[in-house]
Amino acid sequence: MELYFFWGAFAAYTVAMSLFIGYAITRRELLAQVAKKGLVFAVICHGVSLIIRTTIARAMPQHSWYVPWSNWFESFSFFAAVIVVEYLIIQRKHEIPILGAFVTPLAFISMVVAIHSPFGTQIPNLPPALQSYWMAIHVPVMFISYAAFANAFGIGIAYLLQEYQIKSRKPSHLMFRLPALDDLDNMIYRVIWTAFPILTLGVLLGARWAYDAWGRYWGWDPKETWALVTWLTYLIYLQMRLIAGWRGRKTAYLSLLGFVVVIGTYIGVNYLSPLHAFLSNGGK
């Protein structure tokens, strides 16, 4: 049953993304209003799906600490939901619906990756080190920061497009729909400024979990190393903005680079890490 709700969420994400893109092209306000409601409906369906999956798994004796972000399918599914939830939170403070055309495709891609999981949609069997309450604490904290960086990435794309439009001799109507460059730049900064302490907390929680699981806080495992690289990338962003006075295109590109590092840490490094390979081998 949980997959019915999952597919309902995927359909709603797809429709909402299409409507936001249509809004950006046609300037019809109704499309943005319907798209936002579609996202809310998608998140509700997605949440129900995750709750049902968790309930089913915890009924099994071997899954007493199960959480629904334990393998490739689940983690990308959960990532999409968190991206959208954070986008909706940002929209409550900054009512700029056209940004949905830049952020919702990221959630859609994450859902597509989940659907095409090479390990299927089955509930995974995790190694003993991962059958821990830390799985319910460390991982969602990291996802909250990663999803915020995804939103910053989408806003960064909007910034670069707006800059291009302003410099163009024949700007499209998008130039008049997107916020001013300074507003987009400040929005990227506020999102990253908020997410960075959460990322820091996630890394520290991971170190504490590593001590419980393997008897040391830090072992330079590839996943740990690249988590540190991610942290340093966003630290550099904040230093360049606050101390060196970087603004505009430089920091926009740095925010894009940061999310590329996030994706590398989230996905690619799992194939190199003997301790964090549960994502790349389906938890088997």
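Arg208 is partly exposed at 33% relative accessibility (buried is under 20% relative accessible area, exposed over 50%, partly exposed in between; 1.4 Å probe, protein chains only). Its side chain meets that of Asp212 in a salt bridge, 2.4 Å from N to O (a side-chain nitrogen of Lys or Arg within 4 Å of a carboxyl oxygen of Asp or Glu). Asp212 is also partly exposed, at 39%. Both residues lie in helix H7 (residues 181–214), 4 residues apart, about one turn of the helix; helices are DSSP runs (H or I, at least four residues), numbered from the N terminus. This is a predicted model, in which local features need pLDDT of at least 70 and side-chain atom pairs count only at pLDDT 80 or more, while totals for chains, interfaces and linings use all residues. Residues are numbered from 1 along each chain as its sequence is written, and side-chain values use heavy atoms, with hydrogens and water left out.

**Glu74 and Arg53 between helices H3 and H2.** The two side chains form a salt bridge of 2.5 Å, N to O. Glu74 belongs to helix H3 and Arg53 to helix H2 (residues 29–58), 21 residues apart. Glu74 is buried at 2% relative accessibility, and Arg53 is buried at 3%. Glu2 joins Arg53 and Glu74 in a network of salt bridges.

**Arg216 and Glu224.** In this salt bridge the closest N and O atoms are 2.6 Å apart. Arg216 is partly exposed, with a relative accessible area of 22%, whereas Glu224 is buried, at 8%.

Conventions: Helices (H or I, at least four residues) and strands (E, at least two) are DSSP runs, numbered from the N terminus.
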